[in-house]
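Please consider the following structure.

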Amino acid sequence: MQTSDTSVCWGIDLGGTKIEGLVATWPDYRPLARLRRPTEQQWGYAHILSQIAGIVDDLKSATGLTPARIGIGTPGALDPDSQSIKNSNTTCLIGQPLRRDLEQMLGVGIHMANDANCFVLAEARLGAAAAAAPGAESVFGIIMGTGVGGGLVVHGQVLHGRQGIAGEWGHNYLDASGGPCYCGRTGCVETILAGPALERYYLTQSGTSRSLPEIYARHQTGTDPAATDTIRRLLYFFGRGVASVINILDPEVVIVGGGVGNIDLLYTAGVQEVARHVFNPVLHTRILRPSLGDSAGVFGAAMLTTS
């Protein structure tokens, strides 16, 4: 017979292509079971609900336990007023009462935060920030990949904000040269620092389409002026964009996740650019790589239930 055990925590990372589920011990977060299923968002909202239910059933079978509550990381945010999902690149979720529907379907309480918040929560409690600055008052997490997002943890807790958008620096204005953003505005951070934005910039400069890792490799050889121009653009605007966040929040640590965060120069020349624009003679904020890889999201989701 399955029993509920409050000494474990349950988390689900709902991504655009995969759903990952975790059952871990608490408070040390040792995994007891960790499973994945495809999201298959092309089949719509109801199908995603059934995929989540399926992975919960699989976790129950694997552990012999039932959850007392479940933490879920989502693409997009839960609007505090309408209690529906907004700002999601999994567009079939937009406008849907995801938490309510999951609570009714699964029969347990659901704790929900967006994927960037789950990422930074895990890195703050268990990952790079926990190692570099134990007990840090505030940690800001950046995701620079297909899009640009962010999240904020203060005193070990996710800060959601009045509108559920705390940390969403990707849609701050950065520079008009980024052009139109899908959000309807122009020059957002995402239009300049996201991987596809950098690849588009390289294409306009070179006439050739290349992936960001290729562009970076060609910059390192010193033989491709368009690649060097693209990477210099990244470093300059990374400095300006991150400095604006530090000037407002003054976090002790910034964690840089996502595919763009794999560019080594962000942690040397990029940090120097941040320092140029911060309103302080010396930059004391630690700007670090994440240490949990793609595990951060599901661990952070599970941590939502232990707050």
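Where is Asp-224 found? Asp-224 lies in the loop between helix H7 (212-221) and helix H8 (225-249); helices (H or I, at least four residues) and strands (E, at least two) are DSSP runs, numbered from the N terminus. The model is predicted, so that local features need pLDDT of at least 70 and side-chain atom pairs count only at pLDDT 80 or more, while totals for chains, interfaces and linings use all residues. Residues are numbered from 1 along each chain as its sequence is written, and side-chain values use heavy atoms, leaving out hydrogens and water.

Asp-224 is buried, with a relative accessible area of 7% (buried means under 20%, exposed over 50%, partly exposed in between, with a 1.4 Å probe and protein chains only). Leaving aside neighbours within four places in sequence, Asp-224 is in contact (heavy atoms within 4.5 Å) with Tyr-202, Arg-210 and Arg-218.

Ile-215, Tyr-216, Arg-218 and His-219 in H7 meet Ala-227, Thr-228, Thr-230 and Ile-231 in H8.

Elsewhere, five strands form an open sheet with mixed pairing, in the order E4-E3-E2-E6-E9; two strands pair if DSSP finds at least two bridges between them. Strand E4 (31-38) and strand E9 (109-114) stand at the edges, each with a single partner strand, so one side of each has no neighbour in the sheet. Strand E6 (residues 69-74) pairs with E9 in the parallel sense over six bridges. Within this region, Ile-70 stands opposite Ile-110 in E9.
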